[in-house]
Amino acid sequence: MSFNRGAGGSQTSRTTFEFGRTHVVRPKGTHQATIVWLHGLGDKGSSWSQLLESLPLPNIKWICPTAPIRPVSLFGGFPCTAWFDAQDISEDAPDDLEALDASAAHVANLLSTEPADIKLGIGGFSMGAAIALYSATCHIFGQYGNRNPYLVNLRSVVSLSGWLPCSRMLRNRIEGSNEIVRRAASLPILVCHGSGDDVVAYKHGEKSAYVLSSAGFQNLTFRSYNGLGHYTIPEEMDEVCRWLTATLGLHGS
């Protein structure tokens, strides 16, 4: 699927992002929630759909899109699947706002066709987690970074081994609006990170959680895993299952 910034960007932009295949895991029980789950750099949607299908969450529909193939500065311009360009993984790296908006809009579009009574969420791993957290900020502001409206009502956000893009501008934009403060305080976020992560250093996950909490995201849970590298383990996924079940009020799980 191609996306040229119409929903999340300027009509005059010429940049087109060609998203890959989307994999859908249908709920085995009563459909109560839909979560878009985003893979990491160089991966694809099918990798996570297999794991998500095995989780004891029969009331969730999982949507697993695949990022566009694009040159990545971190790899010297080598092309691979990436939600946005990354020159470095740190709070000081430049933010690829155009691609962040395009990916967040692609996710929002996938959620926009769900029935009105279904609870919506976004989760992801590594770079996918970065898009999930960026989408959380779009939700509370009611707009993308380029000021176009963000219309999806998120009920949960999960970040595994990720980081928060555009963290420097967050706090200043939240202060001064009671509606934004209210949205930030009520949005449930789960941030998990391993202390042994040698790809996205633990300090980035920890700092992202701190920045979000300090900015007013009061319903944020941070979980650290001693020695865990840049991958997931059953203990972590068990925590995700418990948290989603409680946060979304799922029954029959």
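**Helices over the sheet**

I began with helix H2 (residues 97–112) in this predicted model. I found that H2 lies across E4, strand E5 (60–64), E8 and E9. Its direction is at about 155 degrees to E4. I then turned to helix H6 (residues 202–215), which lies across strand E10 (189–194) and E11. H6 runs at about 165 degrees to E11.

**The sheet itself**

I next traced the order of the strands. The sheet is open, is formed by 7 strands and reads E3-E5-E4-E8-E9-E10-E11, with mixed pairing. Strand E3 (23–25) and strand E11 (220–225) each have a single partner strand, so one side of each has no neighbour in the sheet. I noted an average twist of 15 degrees from one strand to the next.

Strand E4 (residues 33–38) and strand E8 (residues 119–125) run parallel and are joined by 6 bridges. Within this pairing, Trp 37 has Gly 123 in E8 as its bridge partner. E9 and E10 are also parallel, with 4 bridges between them, and Leu 160 stands opposite Cys 192 in E10. E10 and E11 run parallel through 6 bridges, and there His 193 stands opposite Ser 224 in E11. From E10 the chain passes through H6 to E11, in a β-α-β crossover that is right-handed.

**Strand E10**

Which residues of E10 are buried on each side? I listed Ile 189, Val 191 and His 193 on one side, and Leu 190, Cys 192 and Gly 194 on the other. Both faces are thus recorded as covered, and 6 of the 6 residues of E10 are buried.

**Gly 124 in strand E8**

I located Gly 124 in strand E8. Gly 124 is buried, because its relative accessibility is 0%. Outside four places in sequence, Gly 124 touches Trp 37, Leu 38, Ala 129, Ala 132, Val 158, Ser 159 and Leu 160. I also checked Gly 124 against Ile 35: the two are 89 residues apart in sequence, and their C-alpha atoms are 9.8 Å apart.

**Ser 161**

I placed Ser 161 in the loop between strand E9 (154–160) and helix H4 (170–174). Is Ser 161 buried or exposed? Ser 161 is buried, with a relative accessible area of 0%. Beyond four places in sequence, its contacts include Cys 192, His 193, Asp 197 and His 230. Phe 125, Ser 126, Val 200 and Tyr 231 are also in contact with Ser 161.

**Cysteines**

How many disulfides are there? I counted 0 disulfides. Cys 138 forms none, because its sulfur is 8.3 Å from the closest cysteine sulfur, in Cys 166, which is too far for a bond. For Cys 192, the nearest cysteine sulfur belongs to Cys 241 and is 11 Å away. Cys 138 is buried at a relative accessible area of 2%, and Cys 192 is buried at 0% relative accessibility.

**Nonpolar cores**

The largest has 57 residues, among which Phe 84, Leu 170, Ile 189 and Phe 217 touch the most other members. Helix H3 (residues 127–141) supplies the largest share of this core, 10 residues. A second, separate core has 25 residues, including Val 25, Leu 52, Cys 241 and Leu 250.

Conventions:
Residues numbered from 1 in each chain as written. Predicted model: local features only at pLDDT ≥ 70, side-chain atom pairs only at ≥ 80, totals over all residues. Heavy atoms only, no water. Disulfide = S-S within 2.5 Å. Buried < 20%, exposed > 50% of the residue type's maximum accessible area, 1.4 Å probe, protein only. Helix = DSSP H or I, 4+ residues; strand = E, 2+ residues; numbered from the N terminus. Contact = heavy atoms within 4.5 Å. Pairing = 2+ DSSP bridges. Axes fitted to C-alpha atoms, helices over the stretch in contact; angles between N-to-C directions. Core = buried A, V, L, I, M, F, W, Y, C linked by side-chain atoms within 4.5 Å. Right-handed = clockwise from strand over helix to strand, strands pointing away.
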